[in-house]
Amino acid sequence: MKTSLLTLDARTKKRNAAEARFKAYGLSAIFVAMFALLILLTSVVSNGLSSFQQTFITLEVALPEDKLDKSGVRDLAVMSRVTTIGYAPVLRDALLAKLDALDIENPLSNRDLGNLISKQSAATVRDRVLANPDLVGQTVTFDLLASGRIDGYFKGAVTMESAALDGNTSPEALTIAQALADVGVIETKFNWNFFVWPDASVQRPEAAGLGVAILGSLYMMIVVLVLALPIGVASSIYLEEFAPKNRWTDLIEVNISNLAAVPSIVYGILGLAIFINFMEFNQSSPLVGGLVLTLMTLPTIIISTRAALKSVPPSIRDAALGVGASKMQSVFHHVLPLAAPGILTGTIIGLAQALGETAPLLLIGMVAFVREYPAAYTPEAGLFGEAATALPVQVFNWTQRSDPAFFERAFGAVITLLVFLLIMNAVAIYLRRRFERRW
Amino acid sequence: MQSLTTLLFVILALAVAGYFLAKSRALQVAGGDIRGLVSLPSQHALNTVLSTVIPPLAAILLISLYLRLTDGNGSWFFTLVVIGLAVTGMALSLIGIKQQARARTFAERWIMGLLIFASTIAIMTTVGIVLSMLSETINFFGQYDWRRFFFSTEFTPRFQGDSELGILPLLWGTLYVSFIALSFAVPIGLFAAIYLSEYAGHRLRSVAKPAIEVLAGIPTIVYGLFALFIVGPGLRDYFAQPMGFGDSAISVMTAGLVMGIMLIPFVSSLSDDIINAVPQSMRDGSLGLGATKSETIRQVVIPAALPGIIGAGLLATSRAIGETMIVVLGAGAAAKLSLNPFEAMTTVTVKIVSQLTGDTDFASPETLVAFALGLTLFVITLGLNVFALYIVRKYREQYE
Amino acid sequence: MEDLTQMDRAMSTQQDIKISAKNVQVYYDKNHAIKDVNVEIADKTVTAFIGPSGCGKSTFLRCINRMNDTIDICRVEGDIRIDGEDIYDPKVDPVQLRAKVGMVFQKPNPFPKSIYDNVAYGPKIHGLSRNKAELDEIVEKSLRKAALWNEAKDRLDAPGTGLSGGQQQRLCIARAIATAPEVLLMDEPCSALDPIATAQVEELIDELRQSYSVVIVTHSMQQAARVSQKTAFFHLGNLVEYDDTDKIFTNPEDPRTESYISGRIG
């Protein structure tokens with residue numbers, strides 16, 4: 001009957017094995033989660049980093065007066081009659097001259113050779129010329145965007161084999177591009193313009209940028225901050241400090257915790273029905289987007305603000321009341337400043353959530369193709385009333401394009417978005433660490 | 001738009017003027033010695049500013065609501081009313097400045113009003129959601145038989161009309177994707193939470209916890225992109241095609257798997273809270289009887305935490321049902337009733353997006369169906385949330 | 001041989017040493033909580049640990065079934081033997097040890113299960129029964145020993161959390177007895193109970209003495225005097241005095257013990 005403690009019986013061994021198995025399940029669950037994160041991040045980075053680089057062709061472009069300025073006196077009205085289509089041959093001729101000078105064999109037709117240069121480049125040169133008519137007649141050096149296929153070739157997305165099947169390029173074109181790259185005429189370099197340029201049409205993925213989207217997201221964040229923070233703080237103060245415990249406040253509380261769990265797309269429907277159809281605000285405008293995101297973010301801000309207010313010990317309130325301050329004064333002079341770091345942290349996290357939100361914005365028309373930078377205020381459209389897109393919506397937009405060159409840009413936009421979120425969260429963590437108080 | 005901006009500037013100017021007028025008048029009343037005043041000059045000034053600003057702003061809100069409802073246009077009359085309110089408010093509060101006047105009490109009443117107004121915005125949001133969807137849904141059912149909406153097994157909207165708009169295939173896709181997502185997320189999230197709270201050493205916890213939190217902070221569009229370009233093709237090339245399940249990259253499995261990853265942190269942080277709420281004394285009791293840790297967890301901690309864990313599961317379900325971007329990019333747009341998880345199917349949220357974006361005619365049933373779908377989604381998720389929050393709250397109270 | 005020890009025990013319960021501790025030190029991180037404790041605890045006896053709060057009596061108790069292992073920062077040094085076997089030997093599995101050394105806690109902590117399942121929990125995990133009938137028997141015997149059978153027999157399926165405080169604590173005692181331990185550790189088992197429930201549990205402890213070596217931590221000197229035969233007085237992590245209960249309460253040797261008994265410290 002007596003068993004020694006020093007020997008393990010069979011049953012204990014079995015139970016210890018079960019214990020080890022259980023632990024292994026737990027550990028593997030954690031590793032699955034971390035592995036998923038790793039795959040997610042590496043695939044985003046590896047697919048998206050190349051979008052920050054762009055292929056450029058450096059050409060000395062002769063700007064002939066007979067083609068670009070029929071008037072001969074630099075009359076802008078006459079000059080602007082030459083469209084971008086008129087500029088394309090000028091660029092192609094510059095490229096031909098370059099090939100001749102470098103002694104590179106050119107089996108391509110003129111049209112196919114012109115396809116090495118992005119259609120956007122003609123517009124860029126035209127804008128430069130119209131801005132400075134004196135350039136006509138001179139030979140000017142331009143860094144011209146290469147077309148999407150050439151760009152893809154230098155990034156490894158387009159190969160000789162795929163080019164052979166592609167109507168937009170050919171192996172011969174790639175050979176020429178390679179020869180130009182070997183002598184340094186074609187270069188792939190960091191492209192700031194990715195963050196500045198607006199979106200571009202399907203034919204010119206190489207010119208598509210995030211400018212409008214970043215601006216739109218920024219406007220919306222301003223709207224959210226200006227509306228959600230004061231409203232959230234005010235309603236938290238009321239609910240936490242003043243509200244009597246009755247059915248009405250119970251209803252508000254239940255309501256807030258439910259609103260926090262309502263699917264975001266429902267807010268989109270709300271925005272469409274109330275702000276656009278009923279109040280007739282402009283579709284696609286950052287104002288409507290900001291309002292929708294404000295309503296969506298409010299519960300988050302209220303919940304974290306109330307937690308911050310709750311963590312201020314009652315003794316502070318008592319102390320203020322004790323020297324004759326009113327309840328309102330004790331809250332605004334003492335409790336609120338002490339809760340401020342917590343409130344700010346919660347607000348930043350709410351903003352970060354809003355920045356990444358996509359679904360509701362699709363419904364209020366922010367998927368539209370927008371190339372004009374939206375103004376913050378115009379008398380016609382009002383405050384933040386001009387059409388814009390937003391970062392996450394731009395990502396969605398690019399996934400819907402037929403040209404795969406946009407996919408790289410979608411990942412690039414995701415990296416940009418994640419960097420913004422990282423910064424916001426880092427600030428939130430810093431605030432929490434810096435001002436965290438233990439009572 | 002322009003006249004409104006001007007109006008706002010006028011009110012602002014009046015407020016600034018009121019501030020200085022009130023201050024100087026208070027000093028004047030006090031005869032240079034502010035100790036004679038019951039309220040400080042700045043409190044009088046605050047009261048004047050609030051009295052000048054709040055009534056006209058409230059009036060602007062009400063008037064614009066009225067104009068929207070009646071489709072009317074702004075007129076000089078309304079402008080006069082608004083400015084009149086501002087001037088009256090300012091004048092009354094200025095006249096009210098006396099030695100014995102309790103300006104602080106008045107100012108605090110205004111502020112309290114603002115606080116209460118702010119707290120009702122949450123209620124107004126809910127009312128707005130319900131009303132906006134309800135009215136359009138009623139519109140929809142005026143044009144389309146509700147029995148066909150709820151019982152038809154086809155969803156094939158057509159531009160020229162005569163569409164079949166049954167919700168069943170959409171619900172099926174929604175539930176199928178959610179089911180797959182939860183069968184990944186719940187075990188993984190739960191086990192991760194258990195391991196982190198009961199076993200993990202400091203070092204692992206300091207790495208794994210933030211990593212899982214990072215997963216929670218990633219926007220859903222990123223998960224959607226991940227599904228569309230990485231997981232979908234991967235599943236197709238390594239599972240679906242070799243095993244003969246089909247050759248679609250976007251599928252229920254793709255969306256479900258990625259949504260599962262998205263839900264892991266959600267499930268694990270909720271479970272973590274719930275597991276930690278089980279009192280230590282209960283664990284001690286079991287360990288003291290010679291149970292191993294895993295026996296304690298499986299037979300004491302989890303049964304004790306079960307209601308909370310079920311609540312967490314329901315909240316996760318509601319999340320999965322309402323998730324949009326992952327299914328838009330990962331699950332497809334074809335409404336289908338199929339059992340094969342490697343086939344593309346569609347969900348309620350996908351159809352809400354597709355029916356409300358693009359060129360839409362707000363009178364056609366093909367567009368209005370989105371509101372009926374939205375309302376259905378709202379009712380389902382609301383029910384799940386209310387029930388889950390109720391369970392979780394009851395559970396918490398039990399151990400408080 | 002077996003018979004001989006049985007007879008031996010019947011003749012003199014005091015002589016048989018069940019637990020012996022030598023030079024035991026316990027550290028919480030840097031804090032030295034137990035300082036060099038030496039004690040020998042007899043079988044079939046109730047031994048009481050008394051002392052002011054924070055004196056280390058509970059900590060020492062938790063060393064005896066290695067419950068301190070569950071606290072990360074806790075470190076135990078020295079030598080604790082049960083029946084001559086070092087329980088901190090690396091070969092010892094704490095799980096097996098705790099089956100032998102049961103524990104009852106300060107606050108009644110029944111599992112959120114039925115009364116029956118609470119008592120059957122230990123036997124189930126340790127595999128003490130071959131079938132349902134045997135398990136039923138163990139449950140009944142344990143509940144009887146814990147003086148709960150008459151109150152609980154008609155509602156074995158009711159949740160254990162539905163019992164009154166005193167009943168819950170007796171349920172926890174039954175639960176501990178059900179694993180057939182040899183030592184029963186009790187950490188202030190009556191501190192959360194009202195006087196009537198306390199009296200019932202104390203009566204029970206006295207009966208348990210016939211089968212087990214019982215070690216009880218208490219902050220009530222009256223309780224120690226009522227239920228124990230031996231008493232150890234702890235103060236600031238030291239074992240100040242250890243002797244027959246009568247002697248400790250009537251004629252303590254150490255002045256600190258005397259001041260505590262007479263209410264001057266603590």
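In this predicted model, chain C has a radius of gyration of 18 Å, which agrees with the value near 18 Å that a compact globule of 266 residues would have. The points below take up the chains, their domains, their contacts and some local features.

**Chain C as a whole**

- Chain C contains 11 helices and 10 strands.
- The C-alpha trace of chain C spans about 55 × 45 × 45 Å along its principal axes.
- Of the 266 residues in chain C, 48% are buried.
- When contacts in chain C between residues at least 6 apart in sequence are considered, 69% of them join residues at least 24 apart.

**A sheet in chain C**

- Four strands of chain C, in the order E2-E1-E4-E5, make up an open sheet with antiparallel pairing.
- The edges of this sheet are strand E2 (31-42) and strand E5 (85-86) of chain C; each has a single partner strand, so one side of each is left without a neighbour in the sheet.
- Strand E1 (residues 17-28) of chain C runs antiparallel to E2(C), and 8 bridges join the two.
- Within this pairing, C:Ile19 stands opposite C:Ile41 of E2(C).

**Two residues of chain C with positive phi**

- C:Asn23 is not a glycine, yet its phi is positive, at about 50°.
- C:Asn23 belongs to strand E1 of chain C, and it counts as exposed because it has 12 C-beta neighbours inside 10 Å, where the limit for exposed is 12 or fewer.
- C:Asp29 is likewise not a glycine and has a positive phi of about 55°.
- The position of C:Asp29 is in the loop between E1 and E2 of chain C; with 10 C-beta neighbours inside 10 Å, this residue counts as exposed.

**Chain A and its domains**

- Chain A has 18 helices and 5 strands.
- Taken along the principal axes, the C-alpha atoms of chain A fill a box of roughly 95 × 75 × 40 Å.
- Buried residues account for 45% of the 439 residues in chain A.
- Of the contacts in chain A between residues at least 6 apart in sequence, 77% join residues at least 24 apart.
- The domain assignment divides chain A into domain 1 (49-190) and domain 2 (211-435).
- The C-alpha centres of domain 1 of chain A and domain 2 of chain A are separated by 44 Å.
- Where these two domains of chain A touch, domain 1 contributes 6 residues and domain 2 contributes 6 residues.
- On the side of domain 1 of chain A that touches domain 2 of chain A, there are 2 nonpolar and 4 polar residues, with no charged residues.

**Domains of chain B**

- Chain B is divided into domain 1 (2-116) and domain 2 (155-398).
- The C-alpha centres of domain 1 of chain B and domain 2 of chain B lie 51 Å apart.

**The largest nonpolar core**

- The largest nonpolar core has 324 residues, of which B:Ala192, B:Leu225 and B:Val258 touch the most other members.
- Helix H6 (residues 168-199) of chain B gives the most to this core, with 18 residues.
- Apart from its neighbours within four places in sequence, B:Leu225 is in contact with A:Val395, A:Thr399, A:Ala410, A:Phe411, A:Val414 and B:Leu329.

Conventions
Residues are numbered from 1 along each chain as its sequence is written. Chains are lettered from A and ligands numbered from 1 in the order in which they are written. This is a predicted model: local features need pLDDT of at least 70, side-chain atom pairs count only at pLDDT 80 or more; totals for chains, interfaces and linings use all residues. The radius of gyration is taken over C-alpha atoms; the globule rule is 2.2 Å times the number of residues to the power 0.38. A residue is buried if 20 or more other C-beta atoms lie within 10 Å of its own, exposed if 12 or fewer, and partly exposed in between; C-beta atoms are placed from the backbone. Two residues are in contact if their C-beta atoms, placed from the backbone, lie within 7 Å. Domain bounds come from an automatic or database domain assignment. Ala, Val, Leu, Ile, Met, Phe, Trp, Tyr, Cys and Pro count as nonpolar, Asp, Glu, Lys and Arg as charged, and the others, Gly among them, as polar. Two strands pair if DSSP finds at least two bridges between them. A nonpolar core is a set of buried Ala, Val, Leu, Ile, Met, Phe, Trp, Tyr and Cys residues joined through C-beta atoms within 7 Å.
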